[in-house]
Structure formats: C-alpha cells, structure tokens
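Here are a few notes to read alongside the model. Have a look at it first, then go through the points.

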Amino acid sequence: MNRVTIDYGIDLGTTNSEICVLKGIKPESIRNNLNSAITPSAVYLSKHGEITVGARAKERLEEEKFIDDVQIEFKRRMGTDYCYKFKTTGRTMNPKDLSAEVLKSLRGDAQQQLGEVINAAVITVPAAFEQRQCAATREAAALAGFLQSPLLQEPVAAALAYGFQAD
C-alpha cells in the first residue's frame, strides 16, 4: 500500500512499547511476532553478537548468567552519552542505539503483519523531554529505518486520541 499520510504511531516506552495503525479514525494495535500488543523495551545481546528485543530479551533477566547482557529502562538516559555495557561481548550501546533496536523490532513486526513497508511513524515522547532527548529519539528512528518520524508529546497525543473518539 502506498500511503500519503503517516498512519502509524509508536509509543516508545521506558518499560513497554507499542505500534498502532490508524484505520479510519480508530487506532488498531499491531501485534508483534509473539502475538502481543506490547513489546517490552528490553534488548539482549548474545555472546555471538545477535540482538534480541522484547519479551524474549526480558525473559533473559530471570537467568542469572544472562542478567548482564540485557538492558532495560534505557529511555531514562536518552540524549546522554551514557553507555550500557554487555558483559559477555564487552560491546557498549548508548540509549539511542538501544531505542533504535526496539523501534526496528516494532517496525519489522508491523511490516510482517501488514505486508507493507513502513517508512514513517509518529513517535510519542514524554512532555518533560528536552531538545537533546527529542533529537536522540529522532536519530533512533532514523537508525531503525524510518524516513520520517515526527514527535508528539504524550499529553498532546492523549488529547488528540480523546478528541477523535469523543461524541
């Protein structure tokens, strides 16, 4: 399908993330490859350098031998130079790169479910995000393959969503 509007929205959350598509005036959550509406914002890096995102990454936190190779809650440090280290490989990733992995996962799952290439999505950010945090979010979206990624503050998104549904 060739879209002329940005019909996808992403909540890139600290704990969980989700992607939706607008069908008419109703948003429809797109299920991930595990048939869940939400994807945990968790990234696991295996000893072979393979990245796993979501529930399977988060499950690794339950096994002590993998705990130092899973990163969560990295959105809290978005826009900083902080680096998260994966113990087994010694590789480091910053919050922008980790967020890009979550966005790639959401984009890939949606493309698989809907059978279309997704080049643009509106991404919600907290109202308290400063310019550097917003810039890092845009960069993460670009790293994930989005050509356009306008940001919308979460309270504005909530008001718009309510306005669409109000009688």
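1. A nonpolar core here is a set of buried Ala, Val, Leu, Ile, Met, Phe, Trp, Tyr and Cys residues joined through side-chain atoms within 4.5 Å, with buried meaning under 20% relative accessible area (1.4 Å probe, protein chains only). The model is predicted: local features need pLDDT of at least 70, side-chain atom pairs count only at pLDDT 80 or more, and totals for chains, interfaces and linings use all residues. Numbering runs from 1 along each chain as its sequence is written, and side-chain values use heavy atoms, without hydrogens and water.

2. The largest nonpolar core has 31 residues, and Ile-10, Leu-103 and Phe-146 touch the most other members. Helix α2 gives the largest share, 6 residues. There is also a second, separate core of 5 residues, including Ala-42, Tyr-44, Ala-57 and Phe-66.

3. What does Ile-10 contact, leaving aside neighbours within four places in sequence? Counting heavy atoms within 4.5 Å as contact, its partners include Leu-103, Leu-106, Val-122, Ile-123 and Phe-146.

4. Now the helix pair. α2 (residues 95-114) and α3 (residues 131-143) pack at about 50°, axes 8 Å apart.

5. Lys-26, in strand β3 (residues 26-29), counts as exposed at 56% relative accessibility (the cut-off is over 50%).

How values were computed. Axes are lines fitted to C-alpha atoms, for helices over the stretch in contact, and angles run from 0 to 180 degrees between N-to-C directions. Helices (H or I, at least four residues) and strands (E, at least two) are DSSP runs, numbered from the N terminus.
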